[in-house]
Amino acid sequence: MGSFEFLRIAFHDDPVVRRDKFTEAYRQKQVDGLHYLVMLDGGAVALRRPDFTLHDEITHFLSVLRRRRPNTRNRYAQALKKFADFCLVWGVEPGGPVPLEPLLRGFADYVKVLHPKPMIRNRLDWVTVRTLPLHPVFGPAVLQLEVREKDGVVVAGMSRSQVYDCLSFTLTYLRWISRAKARYEHLEAEIAKLPTRTVTRRSLIAGTAGATTRTVTDIAELAGVFHPHLESAELRPDTIFTDEEVAELYGAADPSRSGTYRDQFILALMEGVGIRRTAVVNIRIRPESLPVDAGRMVSEGPDGLRDRLKGDLEWVRYPTGHRWVLTVRPHKGKPSYSVSYEFNQGPFTQALFLWMTERQAIMATSGQPDHGYLFVGLSRTNRGRPLREGAINLVFNRLLERVRESTGRDLKQERDHATPHGMRHKFVTNELTVAGRSVPEVQKRVGHKVGGTTLVETYYHWVQNRRTVPEQAHSLRSMLELWRELDLRLRGGQ
């Protein structure tokens with residue numbers, strides 16, 4: 001394979017035919033090993049070629065990312081490893097005779113047909129691989145996976161967002177080497193020729209002078225995928241869980257079907273206070289505030305739990321009555337905030353009591369000291385250990401599967417946001433449209449920065465169209481005027 005054959009396929013007008021031709025070429029291609037990633041001293045990540053030599057440019061770029069979060073660095077490293085493998089397979093490189101646009105389109109097709117989880121476990125396997133690990137839909141694969149279809153179209157192993165991210169990370173790397181490496185400086189002109197799109201930024205503060213726009217590279221067009229957050233960040237009403245669907249999820253989480261009270265209480269938290277899955281697994285209690293014996297907790301009942309429980313979740317007295325209040329611990333580096341549960345306190349207390357009774361029994365038999373995390377694992381290997389963030393996805397997927405088995409409805413296909421985060425969207429939607437809370441109130445309850453853009457860009461259409469809500473505390477215009485006045489004061493009382 002060489003640049004001539006690559007260009008012959010890459011310039012094909014029909015993207016489906018182009019991908020099929022690339023796939024056929026990959027089926028016939030025999031390689032002598034692929035790149036692999038290694039950890040260096042100090043936590044840095046390096047990329048090595050099949051002959052064990054260092055890929056200097058990518059390794060240097062990854063070293064620049066050392067201040068980024070480990071998860072972000074790993075995502076960059078995995079994407080650039082794929083890009084280096086792609087260039088190795090075709091014998092091309094950025095800045096060479098192949099123009100940048102067809103090179104990136106070809107790379108997008110490459111990651112679409114890659115096997116998502118090939119049985120290649122260590123660097124030796126990558127170095128000695130002889131056949132490209134393609135998705136079973138497109139070619140020979142090491143590990144057979146179930147073929148997924150949506151609307152009669154076969155879906156590849158990598159999701160559209162993963163394909164988008166691969167190109168986005170690769171383009172960031174190419175911009176960096178065009179500035180940092182003299183021999184790649186001509187890449188900057190090629191990047192400027194890539195397809196572009198106009199992005200409109202809308203915030204409450206900027207809204208006083210109108211929306212701001214800027215031109216960015218249209219990665220979605222290059223990748224040949226639609227990304228739900230590109231055209232608009234606004235959520236369509238038909239993507240949000242309905243009350244009936246939430247009720248079906250509660251039914252799927254019933255202890256008679258799930259065998260635990262934990263899943264039902266996790267749902268109650270996500271629906272009632274709109275927290276992210278990260279915050280769910282980070283909720284802590286004070287173990288000393290509860291009896292070690294689960295039997296004693298049962299005898300005291302829910303009323304005893306209200307008086308005893310201390311930590312991130314506490315029973316707090318308000319002028320209008322008592323409510324459960326949760327201290328939310330979001331992502332690392334983000335400030336914590338408090339949010340109260342505003343629905344019927346009785347069922348919530350009962351669900352909490354049942355799970356706490358089960359939890360105390362689990363911790364008493366786990367053989368380890370109580371770590372204080374509210375949610376713990378139930379499996380034989382993780383019993384009594386703090387629940388991990390990924391486990392929330394597993395719990396939610398099990399609930400969706402039970403709903404499909406009992407009702408025949410596949411919510412994953414019907415809803416773009418059939419995920420744990422979809423419960424957060426449901427919460428914010430209800431706060432704005434049903435409860436009629438003002439934008440500042442909702443921002444505070446979900447932990448967004450007051451005056452930030454996330455809430456406004458995502459739920460702006462509901463803020464605009466909710467004039468019929470009688471208890472609306474602030475109109476959008478009054479908030480804009482307020483923030484404009486505060487901004488002027490901060491600038492010197494103009």
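**Helix α12 and its surroundings**

In this predicted model, residues L267, M270, E271, G272 and V273 of helix α12 are in contact with P420, M423 and F427 of helix α18. By class, this contact comprises six nonpolar residues, one polar residue and one charged residue.

**Packing of α12 and α18**
- Two packed helices are described by the angle between their axes and the distance between the axes.
- The axis of α12 comes within 7 Å of the axis of α18, which covers residues 420–433, and the two cross at roughly 40°.
- The pair is therefore classed as oblique.

**Helix α12 itself**
- Helix α12 has 12 residues, 262–273, and at 1.5 Å a residue it should span 16 Å.
- Of the 12 residues in α12, 11 are buried, so the helix is mostly covered.
- The buried residues include the charged R262, D263 and E271, along with F265, I266, L267, L269 and M270.
- Just after α12, G274 adopts a positive phi of about 65°.

**Nonpolar cores**
- The largest nonpolar core contains 55 residues, and Y26, L62, F86, W90 and L174 have the most contacts inside it.
- Leaving aside residues up to four places away in sequence, L174 touches F83, P94, L100, L104, L187 and I191.
- Another core, of 51 residues, lies apart from the largest one and has A252, W324, V328 and Y341 among its members.

Conventions. Residues numbered from 1 in each chain as written. Predicted model: local features only at pLDDT ≥ 70, side-chain atom pairs only at ≥ 80, totals over all residues. Heavy atoms only, no water. Helix = DSSP H or I, 4+ residues; strand = E, 2+ residues; numbered from the N terminus. Expected span 1.5 Å × (residues − 1). Buried < 20%, exposed > 50% of the residue type's maximum accessible area, 1.4 Å probe, protein only. Axes fitted to C-alpha atoms, helices over the stretch in contact; angles between N-to-C directions. Parallel < 35°, antiparallel > 145°, perpendicular 65-115°, else oblique. Contact = heavy atoms within 4.5 Å. Core = buried A, V, L, I, M, F, W, Y, C linked by side-chain atoms within 4.5 Å.
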